[in-house]
Amino acid sequence: MSGEQQFIKTSITAYLKLCFGQESSDSIVDDDLLASETAKIKMIGILERIVDVFTREAVKLKNRRNNEHLAIHRLPPEVFVEILLLAIDCRFWTPIDVMGNAKARRMAMKRNRTGPVDVWCWSRPEPEAMNAFMEDVQTVHSSRWRSILYDHRPETQVFLEHLRTQTSGLIDVLLFNPEVYGPAVSLELSQEGPHLRHIDHIYHVIPHPEDLCQILSTSPRLERLCLIEVNSQEAHRNSQESLQTISHPISLPLLTVLAFDNASKSITSGLLPLIRATSCKTVIVKGEGEFSAILEPQERSLELIAQPIKASESLRLKLETEGEPHVHIHSEPAIAVEWAYWAFDKPGVDIKLASCGGPSTITNIEIEWSMDSSGQEVPFPVGLLEFCPALTRLQVTDYSTTTLTPLVRLLRKTTSPNADRRNSAYSWLLPNVNTFIFHAESIRDLEECATEVKGLLETRYAEQKDGRTDQSIVSPTPMEALKLPSVLVARLRAMKISTCLKFDDVIQGTATENA
């Protein structure tokens with residue numbers, strides 16, 4: 001056995017004895033072998049190599065333990081593959097952020113060489129950071145730009161110039177301009193390429209109504225449209241007539257948030273009536289002037305706000321008579337002035353409906369009314385129906401048992417004679433209603449309801465005496481169908497009612513709300 005082998009054997013034997021608590025008097029190294037300096041140096045090298053060997057073996061044993069005994073080792077192969085795929089998925093490496101670390105940004109861009117990117121240019125970057133950011137974004141082809149978050153400031157003007165050439169692939173856009181009193185900033189959105197999904201303009205110039213109409217018409221997947229604190233250009237105000245020539249509706253079935261602030265009359269009267277958004281939960285319309293945001297209470301306007309009203313926790317109606325009379329419908333919605341990806345909006349409605357001017361053309365209204373989620377009664381806004389003089393058919397499904405009396409009283413209301421005309425007579429507020437269908441599982445106060453309906457029949461449809469009619473009031477359109485809960489109809493039959501209507505032909509019973 002050579003001297004080196006004897007040295008290693010003696011060293012390991014002594015080490016093992018120490019590990020097992022045995023005292024060892026053996027010398028690890030025979031002094032005869034280390035008589036010279038060269039021998040000592042050689043033996044030091046041997047000891048160091050022994051440490052290296054033990055360290056490598058320890059690493060191998062640790063790896064074996066991890067592979068055989070950790071939980072990840074027990075994952076099915078297909079699950080482990082999915083984890084690895086997610087780790088390299090370009091969707092997790094999309095943001096190119098001007099305020100991010102340059103090295104981290106370039107590492108993300110290296111991992112995502114061909115996938116879509118989100119470009120964020122915001123806050124006040126240092127000149128060096130801005131230069132590095134521009135070098136990076138200029139290497140990304142326009143077809144890969146998926147979304148843009150741009151907070152316009154003078155020091156980022158160079159990015160705006162580049163951005164104007166990169167809009168062909170955008171589907172999400174947030175433009176924010178805190179320099180409210182500075183120069184107007186505009187960005188032309190492409191009508192080609194993929195469909196837009198989110199459009200947020202904050203403190204920017206609102207697109208021309210015709211351009212906006214074209215953009216919306218080619219964006220059926222749009223989910224969010226927010227034009228907040230925008231500047232409406234003077235030229236926009238004369239575009240209402242051109243929008244009226246557009247007859248095709250704008251279908252936005254996925255739209256959930258619609259907010260216009262500082263909108264011109266051409267937007268509220270020309271563009272909004274064209275929008276069909278049955279899934280919309282938040283509608284906010286505010287005008288550039290005191291009355292420019294007032295909508296005509298047409299059927300399409302009411303359809304647009306139906307879902308937001310239903311999604312509201314509370315609803316406030318106020319008749320405002322100063323200037324142009326209108327009804328302010330407000331349920332305290334909230335629009336987050338931030339990126340749609342992490343914005344939290346509160347559903348609701350905030351609009352104004354005109355109460356005069358052009359008469360409403362709504363002829364048919366269907367209403368479902370119930371208590372709120374806590375079981376509290378919600379007052380029925382019967383006053384809204386006063387703005388529908390052309391109404392002919394009214395159908396109500398009442399789950400709260402509170403709406404019948406107000407509705408019957410509304411049908412009994414009259415308007416004052418016109419003072420500018422001689423011998424003018426009173427007229428009914430809703431003179432054309434010829435069908436009234438009311439569904440309810442129960443009647444809260446049967447006697448009161450029966451008395452109110454009896455009064456309606458004897459006043460609005462009074463029995464003619466000696467063939468003469470009351471000349472002081474204009475006769476309404478004859479009622480063709482009056483459908484009420486069967487229990488109420490039975491009570492009416494037991495009452496003596498003087499009316500010109502044929503009771504059995506006109507008045508019919510409904511058993512439940514599904515009748």
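In this predicted model, strand β15 and strand β16 (residues 393-398) pair in the parallel sense, and 6 bridges join them. Within this pairing, V396 of β16 is the bridge partner of I367. Both strands belong to an open sheet of 5 strands, arranged in the order β15-β16-β19-β20-β21 with parallel pairing.

**The sheet**
- The edge strands, each of which pairs on one side only, are β15 (364-369) and β21 (507-510).
- On average, neighbouring strands of this sheet are turned by 15° against each other, direction ignored.
- Helix α13 packs on the sheet, where it touches β20 (481-485) and β21.
- The direction of α13 makes about 110° with that of β20.

**Helices α12 and α13**
- Two packed helices are described by the angle between their axes and by the distance between the axes.
- For helix α12 (residues 446-459) and helix α13 (residues 486-493), the angle is about 65° and the axes are 10 Å apart.
- The crossing of α12 past α13 is right-handed.
- From α12, the contact involves L446, E447, C449, A450, V453 and K454, while α13 contributes V487, L488, R491 and L492.
- By class, this contact of α12 with α13 has 7 nonpolar and 3 charged residues, and no polar ones.

**Helices α11 and α12**
- Helix α11 (residues 404-411) packs against α12 at an angle of about 15°, with the axes 9 Å apart.
- Angles under 35 degrees count as roughly parallel, and α11 and α12 are therefore roughly parallel to each other.
- α11 passes α12 in a left-handed crossing.
- In this contact, L404, T405, V408, R409 and L411 of α11 meet E448, C449, E452, V453 and L456 of α12.
- The contact of α11 with α12 has, by class, 6 nonpolar, 1 polar and 3 charged residues.

Note on methods. Residues are numbered from 1 along each chain as its sequence is written. This is a predicted model: local features need pLDDT of at least 70, side-chain atom pairs count only at pLDDT 80 or more; totals for chains, interfaces and linings use all residues. Side-chain values use heavy atoms; hydrogens and water are left out. Axes are lines fitted to C-alpha atoms, for helices over the stretch in contact, and angles run from 0 to 180 degrees between N-to-C directions. Helices (H or I, at least four residues) and strands (E, at least two) are DSSP runs, numbered from the N terminus. A crossing is left-handed if the near helix is turned anticlockwise from the far one by less than a right angle, and right-handed if clockwise. Contact means heavy atoms within 4.5 Å. Ala, Val, Leu, Ile, Met, Phe, Trp, Tyr, Cys and Pro count as nonpolar, Asp, Glu, Lys and Arg as charged, and the others, Gly among them, as polar. Angles under 35 degrees count as roughly parallel, over 145 as roughly antiparallel, 65 to 115 as roughly perpendicular and the rest as oblique. Two strands pair if DSSP finds at least two bridges between them.
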